[in-house]
Structures are given as structure tokens and as C-alpha cells.
Amino acid sequence: EGKVIPVFIGGNMSIDSNTLVGIVDYSYFAQGENKVLLEKLAQEKRLVNLAAESSPRALVITTDKAYISAIAPLTLKKRTDRMGKGIYEFYSVEES
């Protein structure tokens with residue numbers, strides 16, 4: 001596999017590109033049945049909120065944790081595209 005590159009996801013946090021599984025619009029998980037996933041991750045201490053001081057925009061899923069980011073999903077997606085990591089699934093409610 002290619003070179004490991006850090007991806008800045010907000011809140012002074014970067015993740016290794018090789019651990020990235022997906023970037024999902026946070027609104028999918030804010031309510032309803034999908035909220036159960038966030039609750040389960042929080043119980044397992046595998047959910048990190050990097051958007052505590054602002055509105056959550058994206059859920060960044062890695063091989064071992066999930067991160068709530070204040071950075072827009074499309075912006076995060078563009079960062080991975082520039083690194084040649086555009087193979088990851090991207091979902092957004094907003095059309096940009």
C-alpha cells in the first residue's frame with residue numbers, strides 16, 4: 001500500500017491516511033436509528049468529539065475510532081482526494 005500521510009480532521013487532530021475508512025455527513029447520525037451507532041461507540045470509548053466548541057459536520061470513521069469533526073465532509077473528502085485516497089466512500093446530505 002502507499003505512503004502513510006496524516007489527514008487533519010480538526011481539533012488539533014490528525015489521523016493516519018491508512019486508517020481512514022470513511023467520511024460521513026454527521027446529520028445521518030444525529031437522530032433516529034443511526035444515533036444508536038454513536039451511542040455504542042461512546043459507550044465503548046471509541047468516539048472522540050473534536051467539535052465540542054462548534055457544530056458537528058462530519059463523522060470520520062477509522063479502523064479503531066470515530067471522530068466527530070467540525071470540518072465539512074466535502075472539505076475532508078477533498079483532502080483525501082489530493083492524497084490519492086479518494087477511494088473511500090463519501091456521503092453528504094448537502095449538495096456543494
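Modeller: The largest nonpolar core holds 11 residues in all: Val 7, Ile 9, Ile 15, Leu 20, Ile 23, Leu 50, Ala 58, Val 60, Tyr 67, Ile 71 and Leu 76. Such a core is a set of buried Ala, Val, Leu, Ile, Met, Phe, Trp, Tyr and Cys residues joined through side-chain atoms within 4.5 Å. Buried means under 20% relative accessible area, with a 1.4 Å probe and protein chains only. Strands S1 (6-10), S3 (20-25) and S5 (58-62) each give two or more residues to this core. Strands are DSSP runs of E, at least two residues; helices are runs of H or I, at least four; both are numbered from the N terminus. A second, separate core has 9 residues, including Phe 29, Leu 41, Leu 59 and Ile 68.

The model is predicted: local features need pLDDT of at least 70, side-chain atom pairs count only at pLDDT 80 or more, and totals for chains, interfaces and linings use all residues. Residues are numbered from 1 along each chain as its sequence is written, and side-chain values use heavy atoms, with hydrogens and water left out.

Now S3. In this strand, 5 of 6 residues are buried. S3 runs antiparallel to S5, and 5 bridges join them. Pairing takes at least two DSSP bridges between two strands. Ile 23 stands opposite Val 60 in S5. Both residues belong to the largest core.

Back to the whole chain. The pattern along the sequence is β-β-β-α-β-β-β-α-β, from 2 helices and 7 strands. Of its 96 residues, 33% count as buried.

Terms used: Buried < 20%, exposed > 50% of the residue type's maximum accessible area, 1.4 Å probe, protein only.
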